[in-house]
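Work through the exercises below with the sequence and the model side by side, and try each task before reading its solution.

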Amino acid sequence: QVRGLCGTYNWDQRDEFATPAGDVEAGVAAFANKYRVSGDCPVLSPVPFEPCSTYALRRELAAAACAVLHSVPFQ
């Protein structure tokens with residue numbers, strides 16, 4: 001019963017990039033761009049970037065968010 005950024009957990013990788021509209025994107029950047037909720041968020045290009053240097057000021061926030069994903073409820 002989950003979808004989107006958390007995946008579908010149905011062991012079918014073909015539908016892991018389901019967007020809020022219900023379509024399925026083939027690439028990570030296109031998928032992530034569908035979840036942008038603010039014009040302040042950058043539009044991602046298909047070319048990979050280095051997030052730690054691009055968003056250095058958000059490192060602490062990212063570490064806290066990752067800690068939640070590594071906690072017991074998500075194991």
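The exercises that follow go from the fold of the chain to its surface and its aromatic rings.

This is a predicted model, in which local features need pLDDT of at least 70 and side-chain atom pairs count only at pLDDT 80 or more, while totals for chains, interfaces and linings use all residues. Residues are numbered from 1 along each chain as its sequence is written, and side-chain values use heavy atoms, with hydrogens and water left out.

**Exercise 1.** Describe the secondary structure of the protein chain.

Solution. Begin with the count, which gives three helices and zero strands, where helices (H or I, at least four residues) and strands (E, at least two) are DSSP runs numbered from the N terminus. Then read the order from the N terminus on, which is α-α-α.

**Exercise 2.** Identify the aromatic cluster.

Solution. Rings of Phe, Tyr and Trp (its six-membered ring) pair if their centres lie within 6.5 Å, and planes under 30 degrees apart count as stacked, over 60 as edge-to-face and the rest as tilted. The structure holds two aromatic pairs, and one aromatic cluster is formed by Phe17, Phe31 and Tyr35.
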